[in-house]
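My notes follow in the order in which I looked things up.

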Amino acid sequence: MKRMGLMIASLCLTTTSYTQGDHTERGRKPMQTVNDSGMVAPVLEKYAQGPLAELWKRAGLTPRDRSIVTIAALIARNQTIEMPYYFNLALDNGVKPREISEIITHLAFYCGWANAMSAVAVAKDVFANRKIGADQLPPASPALLPLDKEAEAKRAAAVEQQFGSVAPGIVQYTTDVLFRDLWLRPDLAPRDRSLVTVSALIASGQVAQITYHLNRAMDNGLTQVQAGEVVTHLAFYAGWPNAFSALPVMKDVFEKRPH
C-alpha cells in the first residue's frame, strides 16, 4: 500500500515522460517527473503527494476497486494518455487481464465504440509488454450467467412501455444485446460490472442514468459506503462538478432503499 501511494503521489499531469526506474518495469509507460510538473504547475505535486496519495489509501474501497473505478473513468472520458499507467496499476492491484478486456467491452456500449477502441489500442501494448496472451482473455461466446427472468421481464416491459413507440430498435438491442448477453458475461462479476457502469456514468456526467444503475449495483452487492467512496474517488479523476452532480441522485437512492 505504501509503495502504491508513492506511485500515485508522483502523478501530476500526464503519463508521458518520467525518469527511468522501477515504474518502467513490465512495460509500464513512464510518468512525469517532479521537475516536469514544476515547469507548469508546481502546486500539483503538493496535491499529488497529499490528497491524491491519501485517496488511494482510504478504507472504503480496495486498491483493486479503485483501479476499476479509475480505468472506467479514463475510458468514459477517452483520456488515453493516462491509460498505460493505470492499466498496469490495475493489473498490479489484482484486476485480471480478462476483467480489463470485459471492462473495455462493456464500456463500448455505455461510453461509445470509439472510446472502447481507443482503450483497445492502449491495452494492446500493455498486454504485449506483460506477455499477456489470448489464453488470459475471455472467450467471445462463453456460457452466460443465469438470467433472472422475472426481473428482466419487468425491466423489458417497462422500457417497452416507455419507449417502444419512440425507438423500437434501441429497445430491442437493449434487451437482446445488453441485458440478455453483455450483462451475463461471466468474466466480470455482476457487482464489478455495475461498479464500472456507475463509475462511467458519473465520470461522463450521465446523471439521469445513475438511479437505475446505482440501485442495480447495490442489488449486486455494492454497499452504500463503497458507493460513497466511488463518487469521492471520481471527484479527483472526473472533476468535482461531475461528482457533485451525482450526489443528489445518490442521496435519493440511498434514502429510498430499504434499511
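I looked up contacts (heavy atoms within 4.5 Å) in the protein chain and noted that, among those between residues at least 6 apart in sequence, 73% join residues at least 24 apart. I keep in mind that this is a predicted model, in which local features need pLDDT of at least 70 and side-chain atom pairs count only at pLDDT 80 or more, while totals for chains, interfaces and linings use all residues. Residues are numbered from 1 along each chain as its sequence is written, and side-chain values use heavy atoms, with hydrogens and water left out.

For secondary structure I found 13 helices and zero strands, taken as DSSP runs numbered from the N terminus (helices H or I, at least four residues; strands E, at least two).

Next I turned to aromatic pairs, meaning rings of Phe, Tyr and Trp (its six-membered ring) with centres within 6.5 Å, stacked if the planes are under 30 degrees apart, edge-to-face if over 60 and tilted for the rest; the structure holds nine. The ring centres of Phe179 and Trp183 lie 6.0 Å apart with planes at 5 degrees, so I logged this pair as stacked. Phe179 and Tyr212 have ring centres 6.2 Å apart and planes at 85 degrees, so that pair is edge-to-face. The latter pair links distant parts of the chain, 33 residues apart, with Phe179 in helix H9 (residues 168–179) and Tyr212 in helix H11 (residues 210–219).

I also noted a cluster in which ring pairs link Trp56, Tyr85, Tyr86 and Tyr237.
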